[in-house]
Amino acid sequence: MNDEILSIDPGREKTGIAILKNSDVLEHKIINSDELVQIIKSLLEKYIIKTIVMGNGTSSKKKYDLLKREFIDRDIVLINEYRTTDEARKLYFQENPPKSWKKLIPLGMQVPPVPVDDYAAIVIGRKYLKDNK
């Protein structure tokens, strides 16, 4: 499996997306959920994406149906996103360790200062890749 995958953490208003290749993150960001289809189309021009994986949580059914209609030539796979937000927080703090006095507070008691939907998309994508080697 050498192609890139698009991983999505769907939400009502904001959606996390990530492009992964062999668990390496090529790109990740949070987008307005209404822009999902247009952004995927632009990503398809930039990357070789045959598989789109998406968490099965908030508003996933509606988005899954939409993606199935819009991208009929791609595999679209739903992934159990149980505890991905917790993993996303850990990943966020690995990449953005607390500074100054915040280093003294255990990470489990801290909340990232920004939404972590894009990190949740990374976790979902890596989970898919791990289960589909």
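Exposed residues have over 50% relative accessible area, buried residues under 20%, and partly exposed residues fall in between (1.4 Å probe, protein chains only).

## Basis

This is a predicted model, in which local features need pLDDT of at least 70 and side-chain atom pairs count only at pLDDT 80 or more, while totals for chains, interfaces and linings use all residues. Residues are numbered from 1 along each chain as its sequence is written, and side-chain values use heavy atoms, with hydrogens and water left out.

Met109 counts as exposed because its relative accessibility is 65%. Met109 sits in the loop between helix 3 and helix 4; helices (H or I, at least four residues) and strands (E, at least two) are DSSP runs, numbered from the N terminus.

Together with Trp101, Leu104 and Ile105, Met109 forms a nonpolar patch on the surface, with about 510 Å² of accessible area in total. Patches are built from residues with over 30% relative accessible area and no salt bridge; like charges are joined within 9 Å and nonpolar side chains (Val, Leu, Ile, Met, Phe, Trp, Tyr) within 5 Å. The areas come from the Shrake-Rupley method with a 1.4 Å probe, and for residues only the protein chains shown count as cover.

## Two serines with positive phi

Ser100 lies in the loop between helix 3 (84–95) and helix 4 (117–131). Its phi is near 50°, a positive value in a residue other than glycine. Ser100 is exposed, because its relative accessibility is 51%.

Ser23 is placed in the loop between strand 2 (14–21) and strand 3 (24–32). Phi of Ser23 is near 70°, again positive in a residue other than glycine. With a relative accessible area of 29%, Ser23 is partly exposed.

## Glu4 in strand 1

Glu4 belongs to strand 1 (residues 4–9). Glu4 is buried but has no salt bridge, and Lys21, the nearest side chain of opposite charge, is 4.0 Å away. A salt bridge is a side-chain nitrogen of Lys or Arg within 4 Å of a carboxyl oxygen of Asp or Glu. For charge, Lys and Arg count as positive and Asp and Glu as negative, with His and the chain ends not counted.

A polar atom of the Glu4 side chain lies 3.0 Å from the backbone nitrogen of Ile48. Leaving out residues up to four places away in sequence, Glu4 touches residues including Ile19, Leu26, Tyr47 and Lys50; contact means heavy atoms within 4.5 Å.

## Ile79 in strand 5

Ile79 is part of strand 5 (residues 75–79) and is buried, with a relative accessible area of 11%. The C-alpha atoms of Ile79 and Val53 are 6.7 Å apart, although 26 residues separate the two along the chain. Beyond its neighbours within four places in sequence, Ile79 is in contact with several residues, among them Val53, Met54, Ile124 and Tyr128.

Definitions and conventions
Polar contact = N/O pair within 3.5 Å; in protein donor to acceptor, adjacent residues only side chain to side chain.
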